[in-house]
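Notebook open, structure loaded. I want to look up a few things and jot down what I find.

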Amino acid sequence: MDITALLTSAGINIAICVVLLSLYSVLRKQPSNGCVYFTQRLVSEPVKYSDPFCLERLVPSASWIMRVWQATDEDILAVGGVDAVVFMRIVVFSIRVFIIAAMICIFLVLPVNYYGQDMQHKQINAESLEVFTIGNVKEGSKWLWTHCLALYIISCSACVLLYFEYKSITKMRLAHITGSPPSPSHFTVLVRGIPWSPDHSYSDSVEKFFSTYYPASYVSHQMVYQAGTIDKLMKDAEKMYRMLKTIEPQCGKSSMPCCLCGGTTHSFKVLNNEAESVKSKTSVDGLQPTQREKERPAAFVFFRTRYAAVIAAQVLQSSNPMLWVTQLAPEPHDVYWSNLSIPYKQVWLRKIATLLGAIVFMLVFLVPVTFVQGLTQLDQLSHTFPFLKGILKQKYMNHLVTGYLPSVILILFLYAVPPTMMLFSAMEGNVSRSERKRSACIKILYFTIWNVFFVNVLSGSVISQLSVFSSVRDIPIQLAKAVPAQATFFTTYVLSSGWASLSCEILHVYVSKYESGGQFWPIVHNTTIFSLVLTQIIALGVFGIKRSPIASGFTIPLIFFTVLFNEYCRQRFSPVFKRSPAQVLIEMDRQDERWGTIEEIYNQLRSAYCQYPSISPDLSTAGNTSHHEDKESSQDPESLTPGNQLVKLNE
């Protein structure tokens with residue numbers, strides 16, 4: 001691949017990025033999309049729209065970009081919560097590392113690579129990208145120390161940034177725990193593996209067990225039931241009501257012309273007496289005669305204090321570890337109810353099965369990856385498909401096929417990976433949506449590291465890809481030989497995935513259903529450390545091939561210090577993301593006692609984890625939102641801060 005092919009790929013991706021950003025700018029101005037992009041803002045401060053056929057709404061503008069850039073962490077925290085702030089921190093951290101690496105490589109490494117061989121150079125636009133890689137540096141060159149220096153600067157900068165980000169996000173998580181209103185999950189323990197008894201129901205067994213062993217702290221419990229058809233219909237009705245309620249504050253009783261057909265849309269109003277009728281007819285209390293048959297061996301157990309719940313969740317409850325298994329309960333909206341009915345004894349079998357399924361999926365994915373690698377080799381492509389020789393001789397088609405098409409095809413195939421991994425994670429038996437998503441995230445990372453990096457680097461036959469790691473000692477040498485040869489492909493892959501692919505994300509809105517408190521950051525930290533260590537190992541192999549003992553000798557301590565830094569962060573910050581500090585929990589319990597809110601919290605516990613809630617009590621007041629209709633506002637959607645969008649990466 002030459003410079004022209006790289007510029008072709010860069011130009012196409014920049015054009016796609018501009019088109020997507022312009023499309024977003026136009027879509028966010030449309031009145032019909034107000035409830036999509038500005039739901040939270042519209043609920044608190046409705047917007048009065050002017051003529052929907054205004055020409056200005058069809059013209060993209062860049063003013064929103066500046067407001068996004070000026071948004072502070074406090075603004076994002078107020079709108080989206082801790083998870084939204086952590087997501088933006090991930091983006092900013094990645095940009096900072098990329099800028100540092102780009103500056104070092106452009107002004108220090110690339111000149112050394114370009115003049116690494118005594119050769120006659122062509123014009124820059126006709127040069128092959130291989131002359132800009134370390135493969136162009138001759139063996140024993142005294143300039144290889146620049147690569148070692150660049151490796152030190154990039155690694156140290158990344159570690160420093162990681163430390164301050166980890167420290168800041170840890171403080172943010174603690175502030176979220178202490179500053180948020182009392183959460184039912186702080187007082188609740190999820191119990192699975194409840195033993196079956198022919199003389200007692202599961203509910204009676206839970207009552208007897210915790211009344212006996214936790215008499216001072218046990219409050220009550222809520223059983224998990226097998227889902228039925230009526231129960232699912234009730235849940236669907238609840239979801240539909242919540243969705244319609246979100247739209248209601250925007251439209252009120254007014255009618256608004258449709259910008260497409262010119263028709264009008266009318267608001268809805270729920271009658272109070274109908275709500276009460278539905279509520280009385282669909283109450284869970286009506287299912288009492290069949291509750292015992294529908295009980296599952298899982299329950300939510302409520303305790304008097306947060307500290308008591310934490311102790312009960314961490315202690316082994318029985319001499320049989322498969323019985324009375326406890327853990328802190330997830331948030332009510334984070335509960336993945338369908339998996340609570342899975343017997344706990346099946347969980348470990350499910351995890352093994354999903355692991356095998358993920359491995360098979362990774363192996364099957366070798367086919368598209370090998371096909372993509374074939375596109376980067378024009379000689380092999382022309383030999384395999386002779387009818388393409390004439391087309392590939394055209395200069396533009398040559399640049400398109402080698403510079404842009406391989407990375408795009410690989411990215412399109414990769415779109416099938418997240419839903420597949422989410423399915424595997426759901427089959428594992430995770431009891432919360434956040435656990436399921438974290439599990440899927442880790443699987444996707446493993447998949448990307450293997451299929452996108454290793455398989456592309458060590459491309460060839462499947463047998464050679466599997467046998468290349470037959471000797472662990474040969475791994476650095478094999479990677480050192482293969483990575484420089486694939487540098488051009490990864491350059492175009494980063495352009496496609498980092499620009500065009502991520503620009504698409506600005507058009508999906510992710511509705512937040514739960515708050516994990518920034519628990520995805522440790523995954524980012526561990527992935528970054530793995531990438532740094534892998535880069536250092538590859539560099540060690542390259543320095544060995546290039547016969548530079550000094551650079552190799554200085555790289556070994558860098559690997560050691562990077563691993564040591566990761567261990568320090570694991571000991572210093574990681575426990576906060578796994579367990580809540582007892583000191584914080586006890587202080588919060590004492591604060592509740594001083595404020596006299598304990599009884600109010602107890603009253604909310606049982607209803608918070610109701611598996612099949614009846615129609616919400618606030619249905620009776622749903623029709624009273626018409627007071628918004630007379631409230632005028634001159635704000636236009638374009639003047640609203642994009643930070644008010646629901647952009648959290650949650651379900």
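I started with the aromatic rings: ring pairs join Phe93, Tyr163, Phe164, Tyr166, Trp521, Tyr568, Phe573 and Phe577 into a cluster. Rings of Phe, Tyr and Trp (for Trp, its six-membered ring) pair if their centres lie within 6.5 Å; planes under 30 degrees apart are stacked, over 60 edge-to-face, and the rest tilted.

Before going on, I noted that this is a predicted model, where local features need pLDDT of at least 70, side-chain atom pairs count only at pLDDT 80 or more, and totals for chains, interfaces and linings use all residues. Residues are numbered from 1 along each chain as its sequence is written, and side-chain values use heavy atoms, with hydrogens and water left out.

Next I searched the whole structure for aromatic pairs and got 29. I picked Tyr166 and Trp521: their ring centres are 6.4 Å apart and their planes are at 80 degrees, so I wrote down edge-to-face. The two come from distant parts of the chain, 355 residues apart, with Tyr166 in helix α7 and Trp521 in helix α25 (residues 521–545). My helices (H or I, at least four residues) and strands (E, at least two) are DSSP runs, numbered from the N terminus. Buried or exposed, I wondered, are Tyr166 and Trp521? Both are buried (under 20% relative accessible area; exposed is over 50%, partly exposed in between, with a 1.4 Å probe and protein chains only).

Then I followed α7 (residues 145–179) to α26 (residues 549–572): they pack at about 5 degrees, axes 11 Å apart. Axes are lines fitted to C-alpha atoms, for helices over the stretch in contact, and angles run from 0 to 180 degrees between N-to-C directions. That makes α7 roughly parallel to α26 (angles under 35 degrees count as that). Among the residues making the contact are Tyr163 and Tyr166 of α7 and Tyr568 of α26; contact means heavy atoms within 4.5 Å.

Trp324 is not a glycine, yet its phi is positive, about 55 degrees. Trp324 sits in the loop between α12 (306–314) and β6 (325–328) and is buried, with a relative accessible area of 9%. Arg547 also has a positive phi, near 55 degrees, and lies in the loop between α25 and α26. Arg547 is exposed, at 61% relative accessible area.

Last, I checked the strands. Six bridges join β2 to β5 (residues 295–303), and these strands run antiparallel. Gln222 has Phe300 of β5 as its bridge partner.

Terms used
Angles under 35 degrees count as roughly parallel, over 145 as roughly antiparallel, 65 to 115 as roughly perpendicular and the rest as oblique. Two strands pair if DSSP finds at least two bridges between them.
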